[in-house]
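Q: Got a model here I'd like to go through. Can you take some quick questions on how its pieces pack?

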Amino acid sequence: MTAAPSIVVIGGGPRGTGVIERIAANAGELYGERALDLHVVDPHPAGGGRIWRPDQSPLLWMNSMAEDVTMFTDETVELAGPVVAGPALDAWAEDVRAGRVTPDADPAVLAEIHGLAGADFPTRRLQSAYLRWTYERALAALPPGTTVHEHRTTALAVTGPRGGRQRVRLQDRPEPLLADLVVLTVGHLDAEQDPEQEGLADFARRHALVHLPPDFTADSDLDALRPGEPVIVRGFGLAFVDLMVLLTEGRGGRYENGEYLPSGREPVLYVGSRRGVPYHAKIGYPWTGERPPLPQHLGPAWTEELLKRTGPLDFRRDIWPAVAKELGHAHYHRLFTAHPERTALAHEVFAEKYAAADPGGPELAGLIAEAVPDPADRLDLDALDRPLEGVRHDSPEALQEALRAHITADLARRHDPEHSEDLAVFLGLLSAYAQLVRLGDIGSWWHGFFSYLASGPPGPRLQQLLALSRAGVVRFLGADLTVETDEEQGLFRARSATVPGAHTEARALVEARLPDPSLRHTASPLLRALRDGGAAVTDDGLLAVDPADSRVLDDEGRPHPRRFALGPFTTARSSGAFTRPRTGGPAFRQNDAAARAALTFLRDHSCRGRLAS
């Protein structure tokens, strides 16, 4: 008997689940009810995968509100396949409460679901239940000729000729899986230590210190951080927030009336970073009124024009001016339409002149100064990106007070609809990301800037940070943080430009960030084998894929007919694991294009007889 055509999806987390959902959505049109073997390879439960696995601390939250998380397409998504509606996380929770959905979840998670509101920040284990339900719904929608095989193990390598079946070697199976197509959706993976981290790790071993390299905070050995001892933390983003939570509430501390009551088991966290401030809080109010028309200055035509250029793109020269103008358009459209009393020019006049002015030029600056009298109402992206640039304090204590004031002001602004132009900029960021993802590897700065402005922590987390600062459990170090090693004393030493002359010494250093998604330093044998087997890798270490359908490119720029890859390790990396409803998420478009290309390939080849072996 001839074997059924087969697809192997390596990675069963949100991205793999999204691809399977699109395979199910498109199969009726493109593949019919032909036989198909679908293999899903992941050592963790499919649906959530590693990051969203169910067995993690209930203290760890998502950094999105339930109403802002969906795994399903809608009419705002550009895709060739059908829209298949499905509930966002808050609507799914309502379905559970109404008895329309029965998720596979333990009683504690079910209790969380029954208390979930749209503006709540769910726990990650609750999100795991939503993802598992989404995965099972996608499997149920597959044509009756499809057989699903789950492999709770790790894929080690993909080999095979371009014109024949691929072989997927698994960790605990002597014989490889045979695949007509392979889709890599492995998400974030561990990395080998770069030379700096190797040097720090070696120093820590020789002096019996603690060095925790970039990692998923939930998987780090935090028991090595001892109560009462200082810990230098480099990184002030979401990984730091997880660290903060697990080392405070996770060790028995609690909050009462806005103050933190220590358990006595906490270390003292000395935190700094390049910016020296935490990510901006999530915006805490809904959109009302007229939306800014997006895209305006950074749309598909602009993207296509850039793609036609020969030679490498320079982000600051070729891309950033259009991004800045697009974000300014969103900001000022909202300011003029929702808060006209803070403007001094007719909106129609301003909009016409703004559209005609060169980005970043004196004409544009003069127009904004004339039309927006208060400098606080003007969009200053440089100041937003580096709020401590040039700021100096004469003592660490002065810095503590200043940072608490900065965080307090950020919380107030991000929860005040009188500053709804901030929410418009957020929408502009999403629109810009949808275009920039088409350009491939544009460097890491943009992704960091986007996360800092658009993907920060829930407001309550920053309230907790303020309480921890007042309690002395967290101490701020400032911007442009550097870490030195002292061989004579056997200590780490941190310095910041924000407090000249000051330094902090500690026997523990934590790198509070995810590993870079680079194939040059990946610890994944699967991606190393792909890299060493001739797949194209950019200067930043990203796997090069065809922007049309996410096929893996080789060193000559040829798309592999049987290998696809989607996720943060590729040149088509998108802004996050999940999409906000009705924002045309580019990840949906990518998933759909890859699924349609895969189904079309299998259909065309199976119609000619057996696929090549």
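Q: Which residues in α8 meet α9?
A: Ala324, Lys325, Gly328, His329, Tyr332, His333, Phe336 and Thr337 do; their partners in α9 are His347, Phe350, Tyr354, Ala355 and Ala356. Contact means heavy atoms within 4.5 Å. This is a predicted model: local features need pLDDT of at least 70, side-chain atom pairs count only at pLDDT 80 or more, and totals for chains, interfaces and linings use all residues. Residues are numbered from 1 along each chain as its sequence is written, and side-chain values use heavy atoms, with hydrogens and water left out.

Q: At what angle do α8 and α9 pack?
A: About 175°, with the axes 11 Å apart. Axes are lines fitted to C-alpha atoms, for helices over the stretch in contact; angles run from 0 to 180 degrees between N-to-C directions. The two helices are therefore roughly antiparallel (over 145 degrees).

Q: New topic: what is the order of the three-strand open sheet?
A: β14-β15-β16, with antiparallel pairing. Two strands pair if DSSP finds at least two bridges between them. Helices (H or I, at least four residues) and strands (E, at least two) are DSSP runs, numbered from the N terminus.

Q: Which are the edge strands?
A: β14 (482-486) and β16 (504-506).

Q: How many bridges link β14 and β15?
A: Five, in the antiparallel sense. Asp486 stands opposite Leu491 in β15.

Q: Which helix lies across β14 and β15?
A: α5, residues 195-206, running at about 135° to β15.

Terms used: Parallel < 35°, antiparallel > 145°, perpendicular 65-115°, else oblique.
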